[in-house]
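Subject: Structure handover

Hello,

Here is the structure I promised to pass on. Please open it and keep it beside this email as you read.

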Amino acid sequence: MASKQLFLGDEALAQGALDAGLSGVYAYPGTPSTEITEYIQGHPLTAERGIHCAWSANEKTAVEEALGMSFCGKRSMVCMKHVGMNVAADAFVNSAMTGANGGMIVVAADDPSMHSSQNEQDSRFYGKFALVPVFEPSSQQEAYDMAADAFALSERYRIPVLMRLTTRMAHSRAAVETGVRREPNPLVYPENPRQWVLMPGNSRARYKVLVEDYRKFEQEAVASRYNSYTDGADRSMGIIACGIAYNYLMENYPDGCPHPVLKLSQYPVPGDLVRRMAAECRSILVIEEGQPLVEELIRGVLATPVEIRGRMTGELPRTGELTPDSVREALGLPPHAAHAASEVTVPRPPALCQGCGHRDMYTALTDVVREYDNAKVFSDIGCYTLGWLAPFHAIDTVLDMGASITMAKGAADAGQHPAVAVIGDSTFTHSGMTGLLDAVNAGSPITVIISDNLTTGMTGGQDSAGTGRLEQICAGLGVEPDHIRVVVPLPKNHEEMRRIIREEIEYRGVSVIIPRRECIQTAKRHNAKK
């Protein structure tokens, strides 16, 4: 039944997928994508229809699981933050070669300005790289509507579809008109099973089809209701506004833009519409959130000489999020009157929660490493990354999910001792296990601390894939049982923790220490329920 509801962009997309006949969502939590899966997990329709909604071990496994559901004809969705696309890239790019059977949407939530991320990458490049269609909603209503249209396009061309959100779209609210709810697909298997076996002979044939289909995807973009060309009287400048940037443009022209505007929310870039703008306008301003993908691309599309401006030429900032004000400046409009900053609001850097077990782990670890002339601590992605800040200053490196163990191993290969790795329980099962296997096979003299708070703490307390099994996993990977040590990180156990860390650093092989205590935030919630 149709209704109007107030949704985050994440929630609008989730509701759209449910109403479009979703059979399974696969995801690894990561801001700003987490709320999509959480919304589906909490929706009554999920239990009623038996929709799969458990967290996956990492983004690559999520894509492969969703592709397996698609193979069986069901509609599936994968959700991750932008850096998760790097983890999923092998499966994602090859999924364009196998194609889809049931509709499949891969959601990448980008984080320009790096609110909670280590880079500003733009996931639209993955769509161009893999030769798949890309949707980029400009509003919460479009996020809802696009779910059904993306599934339909996916099934029409038998291809996965990439859905790109950004932080402001994912985490801002607006009223959304929902539509009619569709039943899930029945089980039905691929008409051409050969293309699902990526042997070179099969892949060569499939790739030719994919390249031909990509031309059709562009025609779909030209005709798409999400892309529009609006003429304007002032043709000194034409404007291409992508996704949420269209909102920033229109905020500056509440009575209508005087320039021709190409609103772009479905890719590939519709070359016919771009060429029309170039023929009619003396210059083109490209407003896009993220990297200058469209700005670079249209330089190759256009035969007509026309000035192209945007992030590359300095009219818009090269880094960080766009804002209505930065767009206003690029448009050559006078700035709004400045608002005085509040004198009572003081910025506060993030910090580990009071009572967090990571605090007690770092207190003991820093005490011990100070006993050595040149100890190095390689850390990982999680709330324990905050150990780099005061008062601990406990870690030397952070690269990506799972890199702590492998960097510690590489440092040990170079002769570094002590080489200590700090990794969380969820990150360990996400992408740390293979690094530990490398270390075991090499007999590396490293100490691995798996700081186990029994949850995926950084993203709000989702289930962790290895909860209750870390010792067995480490033993299965070949770590000597005598050097798998479990401690409870509390102040009263400080001396025991120092002793164990010191003993394992002195052991010239692979050792694992597991400080285990429930995240203080999930413990509060569990106690409140009791």
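A salt bridge here is a side-chain nitrogen of Lys or Arg within 4 Å of a carboxyl oxygen of Asp or Glu. Keep in mind that this is a predicted model. A search of the whole structure finds 33 salt bridges. Here are some of them.

Start with glutamate 295 and arginine 299. Their side chains form a salt bridge, with N to O at 3.3 Å. Why can they pair up? Both sit in helix 12 (residues 293-301), four residues apart, so about one helical turn separates them. How accessible is each partner? Glutamate 295 is buried, at 0% relative accessible area. Arginine 299 is partly exposed, at 38%.

Next, look at helix 11 (residues 271-280). Aspartate 272 and arginine 275 lie three residues apart there, which means a separation of about one helical turn. Their side chains meet in a salt bridge of 2.9 Å, N to O. Aspartate 272 is partly exposed, with a relative accessible area of 38%. Arginine 275 is partly exposed too, at 37%.

Now go to helix 15 (residues 403-413). Aspartate 413 and lysine 409 are four residues apart in this helix, about one turn. The two side chains make a salt bridge, again given as N to O, at 2.9 Å. Lysine 409 has 16%, so it counts as buried, the cut-off being under 20%.

Salt bridges can also share partners. In this way Asp110, Asp122, Arg124, Glu136, Arg164 and Glu288 are joined into one network.

Last, a pair of helices. Two packed helices are described by the angle between their axes and the distance between the axes. Take helix 7 (residues 140-157) and helix 9 (residues 200-223). Their axes come within 12 Å and cross at roughly 145°. The crossing of helix 7 and helix 9 is right-handed. Which residues make the contact? Helix 7 brings Leu153, Arg156 and Tyr157. Helix 9 brings Asp213, Lys216, Phe217 and Glu220. Sorted by class, the contact has three nonpolar and four charged residues, and no polar ones.

Find each pair in the viewer as you go through.

Best wishes

Conventions
Residues numbered from 1 in each chain as written. Predicted model: local features only at pLDDT ≥ 70, side-chain atom pairs only at ≥ 80, totals over all residues. Heavy atoms only, no water. Helix = DSSP H or I, 4+ residues; strand = E, 2+ residues; numbered from the N terminus. Buried < 20%, exposed > 50% of the residue type's maximum accessible area, 1.4 Å probe, protein only. Axes fitted to C-alpha atoms, helices over the stretch in contact; angles between N-to-C directions. Left-handed = near helix turned anticlockwise from the far one by under 90°. Contact = heavy atoms within 4.5 Å. Nonpolar A, V, L, I, M, F, W, Y, C, P; charged D, E, K, R; others polar.
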